[in-house]
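I opened my notebook to go through this structure piece by piece. Here is what I looked up.

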Amino acid sequence: MRYISTRGSAPTLDFEGATLAGLAADGGLYVPEAWPTLSRGEIGALAGLSYAETAARIMAPFVGDAIGREELRALCEQAYGRFSHAAVTPLVQLDHRHWLLELFHGPTLAFKDVALQLLGLFFERFLADRHTHLTIVGATSGDTGSAAIDAVAGREKIDIFMLHPAGRVSEVQRRQMTSVLAPNIHNIAIDGSFDDAQALVKRMFAHQSFAGRFSLSAVNSINWARLMAQVVYYFYAAVRLGAPSQEIAFSVPTGNFGDVFAGYVAAKMGLPVKRLIVATNVNDILHRALSAGDYSVGTVTPTAAPSMDIQVSSNFERLLFDLHGRDGAALSQTMRGFEASRTLAIPAAMRGEAATLFASARIDADAMSQAMRWAHERAAQLIDPHSAIGLAAARAADLPAEVPVVTLATAHPAKFGDAVERATGLRAPMPSRLAGLFDRSERYATLPAELEAIEAYVAERAKPNAVPA
Ligand SMILES: *Cc1c(COP(=O)(O)O)cnc(C)c1O
């Protein structure tokens, strides 16, 4: 499989190249040259397979020759063996039509582990026979950071620099990152929002004299391999609910549009997805874009679901690419306009095309709390604020009664204990893998949200490109 940039002018890469690069050199994002498809028979044959085997089958066409089939399966078994539930991503039934897909049984208790545990192994595998030291630079609204750090801690050929907005991640989230003391882990709290952090990372990649000194790579969901790994659980869940004979709807708590884009890829591959519900909190740029064509940047309002406190959704560009008929030059022009004016009007025809699959909802704090209480009262489930936003949108969606609706449960309720307690009066017990978190010592730097300061910090600590032997 070859990968092309959404902006049309970066070099075409294979899976290994796209994984190591993260962001494309022209500022775009890598996408497969074409969407592979599975026949109904192939989808039906996924029934009863383990998660790791399902993952290997779904990812094989994207990975191509970069990793052999047996090795790919072994890597999946290694990555998903670290999950604390034998089903890896179990389905929980809430009532006669609503289901939760629990994606939080990995080491850091959010769905980011599903992709990042595997990505850490891909990096190690690809670096093994190269004279390259990888410098990963990322921005996190909380969960990506801890999942990425867990996935690469102690790996010899990788350093990771993770920027988080100071004071805007939960204490559990911060400690999960800053208590990892391996020497290749570098946490930076910046004085700004998540969008500021993400913009700084993008600028570092675009700053060629800086980027050229290091092999910079990305673990944010701009990295194609992450989205690929997330496609798997859409198939895994849908097959258990009757696909390919049964259509399934998914409701996805959305921030950067990565998780829900993976659902779009599953649909492109032939999974009968009736609807993808993009659930946002009051930071609703995606809801405005999909419902009214108004993709314009507002200011970020901090909420109880901080991993969705985002205005610019990087992966939305991947959908826009398809909506532009995969014309990289045209999209490049659109994105330049957006970057200059911070606003983009999506033409009605494109919006109509998106609406054949996507619906959206904006869920405020009251509706979120109500969904938490509903899940607890009706189904004895404590759910976290992000999952509650998904569930509220799922319950409000206009769908045929016979279609099962799966809400992606993206974080463990113990990760956001205060918010869960405010809504339900109850605290979810902290899983044993996080025992002692509040007693561990922390290490991180605090820096202003300025490119020069961040680059200087990275340059002092990262290992420059090795000279090829
Ligand atoms: C990252 C995250 C989201 C948003 O996912 P995107 O892929 O950025 O849309 C939702 N919920 C939780 C708990 C997350 O960590």
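Which helix gives the largest share of the lining of the second largest cavity? I looked it up in the model, which is predicted. Helix 8 supplies that share, with four residues.

**Entry: the second largest cavity.** I read a volume of about 70 Å³ for this cavity. I listed its lining residues, among them Gln-198, Val-201, Lys-202 and Phe-205. Leu-23, Ala-139 and Ser-314 line the second largest cavity as well. By class I noted six nonpolar, three polar and one charged.

**Entry: Gln-198.** I then turned to one residue of that lining, Gln-198. Gln-198 sits in helix 8, which spans residues 194-206. Is Gln-198 buried or exposed? I count Gln-198 as buried because its relative accessible area is 9%, under the 20% cut-off. Its side chain makes a polar contact of 3.1 Å with the side chain of Asn-256. Leaving aside residues up to four places away in sequence, Gln-198 touches Ala-139, Asn-256, Val-312 and Ser-314.

**Entry: the largest cavity.** I found four cavities of 30 Å³ or more. The largest holds about 270 Å³ of space. It is lined by 26 residues, and Asn-256 is one of those closest to its centre. Helix 6, helix 10 and helix 11 each give two or more residues to this lining. I noted nine nonpolar, 13 polar and four charged residues there.

**Entry: helix 11.** I followed helix 11 to helix 13. The two pack at about 35 degrees, with axes 10 Å apart. Helix 11 brings Phe-261, Tyr-264 and Lys-268 to the contact, and helix 13 brings Arg-318, Leu-319 and Asp-322. I sorted these residues into three nonpolar, three charged and no polar.

Conventions. Residues numbered from 1 in each chain as written. Predicted model: local features only at pLDDT ≥ 70, side-chain atom pairs only at ≥ 80, totals over all residues. Heavy atoms only, no water. Axes fitted to C-alpha atoms, helices over the stretch in contact; angles between N-to-C directions. Contact = heavy atoms within 4.5 Å. Nonpolar A, V, L, I, M, F, W, Y, C, P; charged D, E, K, R; others polar. Buried < 20%, exposed > 50% of the residue type's maximum accessible area, 1.4 Å probe, protein only. Polar contact = N/O pair within 3.5 Å; in protein donor to acceptor, adjacent residues only side chain to side chain. 1 Å grid on protein atoms, 1.4 Å probe; cavity = no way out; pocket = protein on both sides within 12 Å on 5 of 7 lines; lining within 4 Å. Points joined across faces, edges and corners; volume = space filled by probe spheres on them.
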